Amino acid sequence: MAELSKVPVRDRAEHNAYFPSDYSLSVYTSKTTDFDGVKFDAPYTGKKYKVLMVGSDERYVQMKNGKLFSTGNHPVETLLPMLHMHEAGFEIDVATLSGNSVKLEMWAMPEEDTAVMDLYNTYLPKLEQPKKLADILEAATAEDSPYIAVFIPGGHGALHALPESREVKALLQWAVKNDRFVVTLCHGPAALLAAAVDEKPDDFLFKGFEMAVFPDALDEGANQDIGYMPGRLKWLLADSLVKLGAKILSSDITGFVHKDRMLLTGDSPLAANNLGILAADELLKKVQTI
């Protein structure tokens, strides 16, 4: 059997754009997930509270060398937490900054995982025609907001635009002020950087928070060595958060998840199932108190 290539694969749809190498996909992706059923006792049936998922509407992230990484939201990091929250009784609304479709890394889709694929097909209309965040921001942050949580999935696509978005900043400020959950994993915590827009560094909303994120060392090391990305990132996520006062707990990818106040985080695709279990449990406990 021929050895798989570690050279990133050209994306024929865009100039100078690349998918992960065949070898890296053999290491990082699987046709199934570790989902083995929900863990809560009974779902929420009140119908009052929902989850707002803010997805990436951009596929391409430019590297330091000018090459484009063909990315988006990681499907496991998107769909597996959604599956647990959905089954726990919380409908999920989907929004992007532009109102254009959520971009998923289809090369990582767990196509043989029936539960995840059924959830994907259920939410496909919302993923293809999401709400524009600016259009729903007033209602989403109102006193009678229907949202109990904001979910920001991972994937390198989260590095694009979300960290500079004032709409995302307003949503995060509302969530923290009103004790609503912020659920995110892997590179999704890049969106937390939006809270620093137009603020002094010492006033960062998540200063002092402990969180799990994808380790910079892997983006700088293994992801280069095995051709997962066509170059190095222009900036590093964990480093950027640390400079603002966040405390990063993850130095490797193990499936680690963490709760600090209303912030629920996970380190990688390996944490997607664990984060979904944690989020479903926390949301179910929360609705009993509000």
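Predicted model: local features only at pLDDT ≥ 70, side-chain atom pairs only at ≥ 80, totals over all residues.
A cavity, in the sense used here, is a set of grid points where a 1.4 Å probe fits but cannot get out. Good morning, colleagues.

The largest cavity holds about 30 Å³ of space. Its lining is made up of Gly 55, Ser 56, Asp 57 and Glu 58, together with Leu 97, His 160, Ala 161 and Leu 162. Sorted by class, this lining comprises three nonpolar, three polar and two charged residues.

Ala 161 sits in the loop between β8 (147-152) and α5 (166-177). Its phi is positive, at about 75 degrees, although Ala 161 is not a glycine. Is Ala 161 buried, partly exposed or exposed? With a relative accessible area of 23%, Ala 161 is partly exposed, because buried would require a value under 20%.

A positive phi also occurs at Asp 198, which is not a glycine either; the angle there is about 65 degrees. Asp 198 belongs to the loop between β9 (181-185) and β10 (210-211). Its relative accessibility is 60%, so Asp 198 counts as exposed, the cut-off being over 50%.

I turn now to the open space. The largest pocket contains about 420 Å³. Which elements give two or more residues to its lining? They are α1 (22-28) and α2 (75-87). In total, 22 residues line this pocket, and those nearest its centre are Tyr 28, Thr 29, His 74, Pro 269 and Leu 270. The lining divides into ten nonpolar, nine polar and three charged residues.

Next, a buried charge. Asp 216 is part of helix α6, which covers residues 216-220. Asp 216 is buried and yet has no salt bridge. Where is the nearest side chain of opposite charge? That side chain belongs to Lys 243, 8.7 Å away, whereas a salt bridge requires the charged atoms to be within 4 Å. Asp 216 does have a polar atom in its side chain that lies 3.4 Å from the backbone nitrogen of Leu 237.

Finally, I come to Ile 248, found in strand β11 (residues 247-248). Ile 248 is partly exposed, its relative accessible area being 24%. Between the C-alpha atoms of Ile 248 and Asp 267 there are 9.9 Å, while the two residues stand 19 residues apart along the chain.

Thank you for your attention.

Methods. Residues numbered from 1 in each chain as written. Heavy atoms only, no water. 1 Å grid on protein atoms, 1.4 Å probe; cavity = no way out; pocket = protein on both sides within 12 Å on 5 of 7 lines; lining within 4 Å. Points joined across faces, edges and corners; volume = space filled by probe spheres on them. Nonpolar A, V, L, I, M, F, W, Y, C, P; charged D, E, K, R; others polar. Helix = DSSP H or I, 4+ residues; strand = E, 2+ residues; numbered from the N terminus. Buried < 20%, exposed > 50% of the residue type's maximum accessible area, 1.4 Å probe, protein only. Lys, Arg positive; Asp, Glu negative; His and termini not counted. Polar contact = N/O pair within 3.5 Å; in protein donor to acceptor, adjacent residues only side chain to side chain.
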